[in-house]
Amino acid sequence: MQVVEREILKKELTELINKYGSERSALMPILQFFQEKYRYLSGIIMQETAHALGIHPVEVEGVASFYSFFKTEGKQGKYIIRLCQTISCDLDGKSKVARQLENELGIKFGETTKDGMFTLEYTNCLGMCDQGPAMMINDRLFSKVTLDKVSKVLADCKKDFVKSDFPTVVPSDVKKSGPILEHGVKPFESLKTALDMKRSDIILALREAGLKGRGGAGFPTSIKWQLAAAAKADEKYVVCNADEGEPGTFKDRYLLYNHTDIMIDGMTIAAYVLGAKQGYIYLRGEYRYMKEYLKEAIAKRKESNLLGDNILGKEGFTFNLEMRMGAGAYVCGEETALIESMEGERGEPRNRPPFPVDTGFNQKPTAVNNVETFIDAALICAKGAKWFSNIGSDKSKGSKIFSISGSCKNPGIYELPYGITINELLKEIGGEDAKAVQVGGAGGQCVPRNEFDRVIGYEDASSGGSIIVFGPDVDMLKVAKNFMEFFVEESCGQCTPCRDGNPKLLEGIEMLEEGRCSYSYLEELLKLGETMQISSKCGLGQSSPNAFVSIVKNFQSEILGRVPEKV
Amino acid sequence: MSEKLLNSKSRAPKSTTPSKVNIPTNLEALGALIKISIDGNDLKVPMGTTILAAAKTLGITIPTLCHHEDLCVAGVCRICVVEIEGMRNLQAACAFPITSPLTIFTHTRKVRQARRHTLDLLLSNHYGECYSCVRNNNCELQALAKEYGVDFYRFGHIEKPKRGQDNSSYAITRDMDKCILCRRCIRTCVDLQEVGVYDALSRGDDTYIGTFMDSAMSDLICINCGQCINRCPTGALRANDPSDTIWDAIDNPKKHVIIQTAPAPRSAIGECFGLEPGTPMTFEMNTAMRYCGFDKVFDTNFSADLTIIEEGTELVLRLYKALVLKEDVALPQYTSCSPGWVKYLEHFYPEMIPNLSSAKSPQQMFGSVIKTYYAEQNNIDPADIVTVALMPCTAKKFECNRPEMYDSGFKDVDFGLTTREMAQMFKEAGIDLPAMKKSDFDDPFGTMTGSGIIFGATGGVMESAIRTVYELVTGKRIDDLFEHANIIPVRGFDGEHFEGVKYAELTFDEVGPVPAILAHLVPNWDWLKGVTLKVGVAHGTANAKKVIEDIKAGGKMSECHFIEFMGCPGGCLGGGGMPIPTDEKIRAARARAIYAEDESSEVRKSYENPAVLKLYTEFFTDGPCGHKSHKLLHTNYVNRGKKVV
């Protein structure tokens with residue numbers, strides 16, 4: 001039996017290597033194939049894969065055990081139910097849905113039913129925060145899962161969703177659009193305009209527009225592209241960071257689906273500026289249902305000469321685009337971790353410097369940008385720098401797409417100018433009675449009510465798009481706990497402050513819950529938070545204590561001196 | 001080097017490869033020396049220098065844990081963080097290449113707090129008590145805890161072991177509860193050795209350093225080289241220590257306990273007693289071992305010389321078959337002294353086992369000679385003999401337990417003991433080694449030869465082989481070709497050919513008569529006249545891999561007749577059983593001690609070792625590679641392959 005299994009595997013591996021190459025970067029797609037087919041990665045699969053790629057089996061296991069969509073032990077069920085456990089879904093009643101799922105299936109989370117049909121798992125943010133609780137079953141997404149829906153969904157699973165009442169595509173809820181979402185630019189016009197411009201003029205336009213990275217870090221796009229363009233190398237890459245993992249963010253999911261072409265226009269313009277011939281869209285594993293759609297979009301563009309050789313008749317301008325899939329790791333949204341992941345490694349952030357613009361994918365200059373950044377860049381080329389820079393504040397230019405969830409009347413996608421105050425924003429979304437707002441996701445800041453006059457922008461409360469509103473009834477300690485659990489799990493585990501610091505903060509929260517945390521220890525933990533902020537290796541570690549620190553500082557009366565809840 | 005090799009990239013995770021900075025060659029002309037200031041001291045450093053290296057030149061110590069001179073940069077422990085003016089976050093000094101003028105501070109409040117917190121965090125998960133740890137007083141974590149005044153567990157302390165120990169291997173014991181995830185072992189195993197036992201598994205809080213499918217060390221593809229032990233900052237990795245059982249044997253009056261001592265330990269054991277690396281302790285050690293209660297103290301140099309005769313003869317026979325009889329024989333011949341290398345080949349290139357010399361390693365040759373010839377001569381029942389081998393090596397512990405190693409009818413070598421463990425036994429016996437009187441080795445194997453001692457350094461086996469083979473073939477003195485018979489081209493750690501690999505040629509311009517000892521094997525040397533002997537030397541199995549891949553690709557190394565392979569970087573003097581720490585400077589100092597002893601030896605050519613010659617007249621009467629020597633001094637190998645599951 002084993003011999004036969006091995007032979008089949010070897011045959012499959014040969015085919016996979018023909019398709020993806022024998023470089024280490026082929027590892028992720030190969031593992032994804034096997035995970036899908038065999039529903040787990042056995043020792044033999046990992047070993048044979050390692051030998052086929054000329055690496056050590058333990059290196060393959062290192063990768064396989066890093067990503068939560070890969071399983072190295074225990075075959076998973078035919079249907080893998082992934083229930084989102086992140087804050088917005090948690091506030092929307094995820095726990096009850098979880099209990100009901102367990103009751104229906106007779107298993108606990110992390111287990112698989114005996115008949116091999118269902119596996120129950122938690123997952124971090126599915127990007128459905130405005131429509132929670134959300135869950136994903138294989139490639140299907142379910143939003144606003146109510147208790148009565150649970151059994152219906154499971155029944156539909158059993159008949160393979162034939163004649164199912166559930167929609168295949170979950171609509172996004174745009175509550176307010178603006179100049180970006182209603183850009184009115186004709187298809188491919190931005191690309192055409194850009195290709196007629198000088199490369200340096202494009203960079204100049206981006207600088208004048210004041211475009212900064214829309215993923216949250218806020219690095220000026222013009223400088224990034226300029227550095228990558230100036231770097232001397234035989235190959236360069238453009239990468240779209242579609243690893244939208246920040247809890248409370250779902251705008252890239254919408255943009256990728258509804259503004260696909262303008263996004264790819266942006267990537268193609270970047271390639272033109274850099275002199276890159278190859279680009280990748282790194283799509284998070286949780287958005288895999290979009291993979292085929294994006295592949296088709298790429299194929300269509302290729303047919304229309306919008307990708308490939310001599311694009312739009314521009315002699316010698318070649319740019320090809322491929323998809324790369326993540327496999328469930330928040331940290332891969334960090335650009336160097338994303339590059340590691342693309343290279344078939346554990347998604348562990350690199351030491352910086354050198355930066356990706358100099359030493360990126362395959363050690364070549366690489367520009368990694370957020371989905372929205374590419375869209376903005378393309379639109380700036382079509383409509384001019386002024387159109388963009390007229391909106392926003394001094395330090396934060398432009399219009400911004402926000403994902404808004406939590407305790408408010410109208411959660412959804414909003415396009416708002418940067419520089420807006422939290423008060424103004426809350427009015428817009430119907431969340432005036434909020435006691436705190438989480439700006440910037442799990443790694444962002446928790447702003448209390450008395451600071452609602454603060455400005456959303458790079459200069460103050462910075463956000464890559466995530467805004468989570470906490471109403472008067474929300475237990476802030478539970479919020480902090482949810483975020484810390486998230487980071488304990490999503491830390492790459494590489495550096496000490498983040499790997500070992502986050503569990504200590506979580507432990508502190510548990511002590512607070514049980515009402516046995518002294519004030520002096522709490523102060524020590526706040527100092528530890530500072531240590532993590534300044535000495536962690538990457539942005540994840542550096543921002544991981546933010547929520548804890550701001551909640552502890554601002555809601556002391558709420559979290560200290562608790563009497564433990566009786567179980 | 002073949003094209004394929006040139007293009008192949010390091011398999012180390014990119015995040016751990018050294019930061020790429022293009023350093024121009026004409027620094028001064030470009031003004032590429034960069035002005036920086038560290039704690040108020042101004043200095044200029046070449047572009048790309050790390051902050052850690054720059055600070056070192058000023059005598060400023062920055063603590064490190066994941067950093068190791070032999071390994072690529074990781075930047076994961078964060079203990080080396082420093083503050084740079086104008087930067088919000090602290091930066092890891094080991095991983096930050098200086099490319100622009102910087103003002104650096106190494107002990108600000110932020111820095112002290114961050115370092116102390118990092119230490120506190122590591123200690124909170126570090127299970128085990130210092131006084132029951134093999135690395136007590138030689139532990140980097142312990143040393144830092146003391147340096148930073150840790151006097152309580154700020155963030156608590158783990159109360160129960162989480163992962164347990166793995167004692168399955170003869171060579172390496174893992175205690176992952178003491179692991180601080182610095183990943184030095186991973187970088188050692190993947191980059192230096194190309195074996196790949198370890199990697200970081202899982203993620204987040206659950207991250208741990210694991211083996212493939214959590215297999216036991218004994219079931220894995222591990223070559224037992226112990227390089228990971230030498231680079232582990234804590235007691236998470238250590239050798240499997242047999243000293244308690246050895247003491248039992250010593251205490252048992254019925255047992256005749258013999259210790260043979262390899263060349264490398266004597267060059268380094270002084271380090272365990274606070275001496276500078278490269279202080280030889282050969283004769284003090286002899287006294288100390290007798291003081292411990294060993295009945296006889298022999299020098300492995302004897303069997304090293306024996307190895308040269310057997311392995312050299314085997315080479316001559318292979319060449320004869322290839323050049324004269326036109327038979328299809330496996331060439332180049334590979335040395336087989338290093339059990340780490342042997343197991344590497346058995347796993348990764350089993351198809352090349354025929355190239356491996358069938359001669360046993362000096363340790364094993366000595367074992368079988370003691371339990372046969374020596375037992376006969378001295379009328380001792382071999383069942384009552386306990387042979388201990390003091391080795392720089394952890395793989396020797398595995399080697400002496402190989403089922404092939406019972407040719408004397410008994411277990412040829414009972415225990416492999418490392419340099420570190422020997423030092424520990426001395427200390428236990430109250431011995432201050434440097435203060436010991438000097439004494440000689442015991443007869444009948446007492447002659448300490450230079451040709452044997454250089455086995456301890458990379459290139460040494462090849463040098464000894466050349467000295468003997470050249471003189472046996474030509475009848476002339478090698479000293480006429482190389483001053484003092486020092487074959488410089490095969491010495492040192494670097495190689496011209498490619499990094500870590502040496503290559504040399506030697507032409508037999510004339511040939512002499514066949515000496516009596518080989519007369520039964522070849523009629524004359526005429527067929528070697530004008531032949532150029534091509535040899536290679538590689539140390540560390542990553543370098544070995546380069547050579548083998550080059551051979552497979554038909555590169556220059558495939559023209560070699562004889563290649564010396566040592567499993568460890570630097571050869572035995574960098575062995576996995578040697579004192580900790582290790583780095584290239586320390587290894588170079590040990591090498592100097594070894595070559596100095598060679599220089600001062602009376603006998604420096606294996607075939608002139610009187611004890612060896614006597615053995616052939618009295619015991620192995622049918623000569624080298626004869627029937628009896630084949631039974632006792634040669635062995636066979638196992639096709640192990642690369643499969644774990």
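This is a predicted model: local features need pLDDT of at least 70, side-chain atom pairs count only at pLDDT 80 or more; totals for chains, interfaces and linings use all residues.
The domain assignment divides chain A into five parts. These are domain 1 (2-64), domain 2 (79-158), domain 3 (175-389), domain 4 (399-470) and domain 5 (476-559). The centres of domain 4 and domain 5 of chain A, taken over C-alpha atoms, are separated by 22 Å. Nine residues of domain 4 of chain A are in contact with 13 residues of domain 5 of chain A. On the domain 4 side, strand 12 (436-439) and strand 13 (445-448) of chain A each supply at least two residues. Strand 13 of chain A gives the largest share of that side, with three residues. By class, the domain 4 side holds five nonpolar and four polar residues. Charged residues are absent from the domain 4 side of this contact.

For chain B, the assignment gives domain 1 (3-107), domain 2 (120-239) and domain 3 (243-302 + 363-435). Between domain 1 and domain 2 of chain B, 15 residues of domain 1 are in contact with 13 residues of domain 2. The domain 1 side of this contact has 10 nonpolar residues, three polar residues and two charged residues.

The two chains also touch each other. Chain A brings 48 residues to the contact, and chain B brings 48 residues. Several helices of chain A take part. Helix 3 (43-53), helix 4 (57-64), helix 18 (476-490), helix 19 and helix 20 (519-535) of chain A each supply at least two residues of the side that touches chain B. Helix 19 of chain A provides the largest share of that side, seven residues. The chain A side divides into 15 nonpolar, 17 polar and 16 charged residues.

One helix pair spans the two chains. Helix 19 (residues 496-513) of chain A packs with helix 4 (residues 109-124) of chain B at an angle of about 65°. Their axes are 10 Å apart. Angles of 65 to 115 degrees count as roughly perpendicular. Helix 19 of chain A and helix 4 of chain B are therefore roughly perpendicular to each other. Their crossing is left-handed. From helix 19 of chain A, the residues that meet the partner helix are Thr496(A), Pro497(A), Asp500(A), Gly501(A) and Lys504(A). From helix 4 of chain B, the residues are Thr118(B), Leu121(B) and Leu122(B). The residues of this helix contact divide into three nonpolar, three polar and two charged.

Chain B contains an open sheet of four strands in the order 12-11-14-15, with parallel pairing. Strand 12 (296-299) and strand 15 (415-418) of chain B each have a single partner strand, so one side of each is left without a neighbour in the sheet. Neighbouring strands of this sheet are turned by 25° against each other on average, direction ignored. Strand 11 (residues 256-261) and strand 12 of chain B run parallel and are joined by four bridges. Within this pair, Thr261(B) stands opposite Asp299(B) in strand 12.

Another open sheet of chain B has four strands in the order 13-18-17-16, and its pairing is mixed. Strand 13 (333-334) and strand 16 (501-507) of chain B stand at the edges. Each has a single partner strand, so one side of each lacks a neighbour in the sheet. Strand 17 (residues 532-539) and strand 18 (residues 562-566) of chain B run parallel, and five bridges join them. Val535(B) stands opposite Phe562(B) in strand 18 of chain B. Helix 17 (residues 460-474) of chain B lies across strand 16, strand 17 and strand 18 of chain B. The helix runs at about 150° to strand 18 of chain B.

Some backbone features lie in loops. The peptide bond from Pro353(A) to Pro354(A) is cis, with omega near 0°. Pro354(A) is found between helix 14 (335-342) and strand 9 (366-370) of chain A. In chain B, the peptide bond from Asp443(B) to Pro444(B) is cis, with omega near 10°. Pro444(B) is found in the loop between helix 15 (419-428) and helix 16 (450-453) of chain B. Phe188(A), a residue other than glycine, has a positive phi near 65°. Phe188(A) lies in the loop between strand 5 (174-176) and helix 8 (189-196) of chain A.

Key
Residues are numbered from 1 along each chain as its sequence is written. Chains are lettered from A and ligands numbered from 1 in the order in which they are written. Two strands pair if DSSP finds at least two bridges between them. Axes are lines fitted to C-alpha atoms, for helices over the stretch in contact, and angles run from 0 to 180 degrees between N-to-C directions. Angles under 35 degrees count as roughly parallel, over 145 as roughly antiparallel, 65 to 115 as roughly perpendicular and the rest as oblique. A crossing is left-handed if the near helix is turned anticlockwise from the far one by less than a right angle, and right-handed if clockwise. Two residues are in contact if their C-beta atoms, placed from the backbone, lie within 7 Å. Ala, Val, Leu, Ile, Met, Phe, Trp, Tyr, Cys and Pro count as nonpolar, Asp, Glu, Lys and Arg as charged, and the others, Gly among them, as polar. Domain bounds come from an automatic or database domain assignment.
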